[in-house]
Amino acid sequence: MITKVKSFGVVGVEGYVVSAEVDIAKGMPSYTLVGLPDTAVKEGKERVHSAIRNSGIKFPLGRIVINLAPANTQKTGAIYDLAIAVGILSSAGELKKDTDDFAFIGELGLNGELKKVNGLLPMLITAVQNKIPCVIIPKANEHEARFVSGVKILTAKTLFEVYGYFAENFNNLREVEPLSFAEIKNESHFDADLKYVKGQYIAKRALEVAAAGGHNILLIGPPGSGKTMLAKCFPTILPDLTFEESIECTKIHSIAGVLDSKFGIITTRPFRTPHHTASGPALAGGGSNSKPGEISLAHNGVLFLDEMPEYQRNCLELLRQPLEDNRIVVSRANGSIEYPASFTLVASMNPCPCGYYGSRAHKCTCNQTCIQKYMSRLSGPLLDRIDLHIEVDGVSYDDLSTTDLEEPSENVRARVNKARTKQLERFSGKDYYSNAKMSAKDVKEFCRLSPECEQVLKSAFERLKLSARAYTRILKVARTIADIDASPEIKKSHIEEAIGYRALDRLVNNH
Ligand SMILES: Nc1ncnc2c1ncn2[C@@H]1O[C@H](COP(=O)(O)OP(=O)(O)OP(=O)(O)O)[C@@H](O)[C@H]1O
Ligand SMILES: [Mg+2]
Ligand SMILES: [Zn+2]
C-alpha cells in the first residue's frame, strides 16, 4: 500500500510542505530512499529502523521505497524521521487512525525518542498557510510553538506515543498551550545603563535618534573616550519589538539553531557583536550547511562592529548589499539562498592610527598620508550608508567625578518607543518599520521640507560636499528627530540637528 505523510522543509527562512511517500511491496526486505536526500536524511534510514524496533513495534518486511517529494529541492537534516516512520507503519497497515490531516516533525533517536529540531517556527507557519489541521512535534520544541495560532499542535516524547495515538486511538498526545506575546514582552534586564555614562550628551542624543529611527551610527573618538561603553548601552534604549518583528527574528535564530530564549520566541532586539576576525561566511551566512550569519541574526536588531577598521575589508564590503536591500543573498553550490538582514549598524573607530586626531587632550602624531590611508580602509560607499557619525571626545575630570545623576536608559527608551509608534502607524502595511528603511518614494512623501529648510540643507550640501546618499540620509534622520519631537512637519531645528551628525563629512573634507 502506498501512503503519503506530510512534513516540512526550509529554504532560506521560508518553509514548504514535504511529503514522504512510502510504498511497501512484496519481495526481499530492502529499503530505498529517493528524492535528493542529504547524508543526514540517508542516515535516517538506520535511525528509523532502530527506532521502530526499539519501540517494540514490528518492523514490516518487504521492499520499502520512500520518496521525499518535491524531489527537486535539497532536503537537509533529520526532521523527516518521524514522518518516514509513520509512513512505514501506515503503509504496513499498522495504524487505525488516518494521518491525512496531520503533519509530522521530529528527528528520531535510536531508542525511539523524539528529538528537538531547528527551524520549527517557519515549518509551523507553513502548516497554517497550507491549512494543515494538526502538526505533531517533539515535546522538546514545545515552547517554540506557543505563539503559533491557526493550527492544532500536539507534542510527543517518543515514537511509541505517536504510535499509540494512531494505532490504538489513545488520547495520549498533549496540545500545546498558547501564550500571547503581550504576556511575555518587556522582561529584559540589562547590566548597562546610560545613567552610568557621565556627560557625552551629544553622543547620547545621537544614540537616541539612531534607536528611534533605526539609523546606522558611527562613533569616532580617541581611545578610552567611552565609545564601547556608549555602544553597549544601545540595547537598553531600543524600541520594543513588535510581534511581527519577533516572528521574523525567531525564524532566523531557530534555523541557525541559536534560539536562546526561555520563551521560545525572541522578545528583545538582537544585539550581535561579531569579532573583527570573523570570516565572510560567519557574517553573511551560507557555507556548507547554509545557515544564516551574524548579519541576519542581527535582523530587526543591531550589528555592532567595535573598532570597525580592524575588520577585514572584504567583510566590510559584504555589508553594503544588506545595508541597501535589507537582505543578503548568499550563493552556494546548488543555487543562491536569501536571508533577511534588516539591521541597524553601530560601529566605532578611532579617527586616526594614533587615535587622537581632533582630540582636545592629546596631540595627534600622525601625518596626513597616514590618516588618509587609515580612513581609506573604510570605503566611501560603506560610510555613505551610515546615517549618523559623531565625534566622541573623552569626558573631563569634572564631568567624571560629578555625583549628579544622569538620565536613565528607561526614560530615553520611553521617548524612543513613542517615536517608533508613530513610524509603525506611518508604515503600516509596508514591509518595514522604521524611518531608516524608507524607500525613495516614501522619503518624498514623508520628508517634505519647507523652503526655509530646503535652504539650510542646500547650503550644508555645498559646504560639506555631500553625496546624494548623504542627502537622503539627512532627510530620514530629520524625520526621526521630528518624530521624537512629536512634530508632523520637519522643522529647521530638526534638519540642522541631522546635518550636525555628519562628523565624517567634516573630518574627511578637512584632511
Ligand atoms: N563618559 C563616561 N562616563 C563614565 N565612565 C566612562 C566614560 N567614558 C569612559 N568611561 C570609562 O572609561 C572606560 C573606557 O571606555 P571605553 O572602553 O568605552 O572607551 P573606548 O572609546 O571604547 O576606547 P578604545 O578606543 O580604547 O576602545 C569605560 O569602561 C568607563 O569605565
Ligand atoms: Mg572600545
Ligand atoms: Zn593620530
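Lys198, Gly224, Lys227, Thr228 and Met229 come nearest among the 16 residues around ligand 1, where a residue counts as near if one of its heavy atoms lies within 4 Å of the molecule. This is a predicted model, in which local features need pLDDT of at least 70, side-chain atom pairs count only at pLDDT 80 or more, and totals for chains, interfaces and linings use all residues. Residues are numbered from 1 along each chain as its sequence is written, chains are lettered from A and ligands numbered from 1 in the order in which they are written, and side-chain values use heavy atoms, with hydrogens and water left out.

Helix α7 (residues 227–233) supplies three residues, the largest share of the shell around ligand 1; helices (H or I, at least four residues) and strands (E, at least two) are DSSP runs, numbered from the N terminus.

| Residue | Protein atom | Ligand 1 atom | Distance |
|---|---|---|---|
| Lys198 | polar backbone atom | nitrogen | 2.8 Å |
| Met229 | backbone N or O | oxygen | 2.8 Å |
| Glu307 | side-chain N or O | oxygen | 3.0 Å |

Taken alone, ligand 1 exposes 630 Å², and the protein buries 67% of that; accessible areas come from the Shrake-Rupley method with a 1.4 Å probe.

## Zinc site

The zinc ion (ligand 3) is coordinated by the SG atoms of Cys352, Cys354, Cys364 and Cys366, at 2.1 to 2.4 Å. Donors are N, O and S atoms within 2.8 Å of the metal (3.2 Å for Na, K and Ca). Along the chain, the donors follow the spacing C-x1-C-x9-C-x1-C. The angles among the four donor atoms are 105 to 113°, and the site is tetrahedral, a label given to four donors if all angles lie between 85 and 135 degrees. Cys364 and Cys366 are both buried, meaning under 20% relative accessible area (1.4 Å probe, protein chains only).

## Ile386

Ile386 is placed in the loop between α14 (380–384) and β19 (388–391). Ile386 counts as buried because its relative accessibility is 0%. Leaving out residues up to four places away in sequence, Ile386 touches Asn216, Ile217, Leu218, Met308, Leu345, Arg473 and Arg502; contact means heavy atoms within 4.5 Å. Ile386 and Ala470 are 84 residues apart in sequence, with their C-alpha atoms 8.4 Å apart in space.

## Chain as a whole

The chain has 511 residues, of which 55% count as buried. Its secondary structure comes to 21 helices and 19 strands.

Notes:
Tetrahedral: all angles 85-135°; square planar, octahedral: opposite > 155°, others 65-115°. Buried < 20%, exposed > 50% of the residue type's maximum accessible area, 1.4 Å probe, protein only. Polar contact = N/O pair within 3.5 Å; in protein donor to acceptor, adjacent residues only side chain to side chain.
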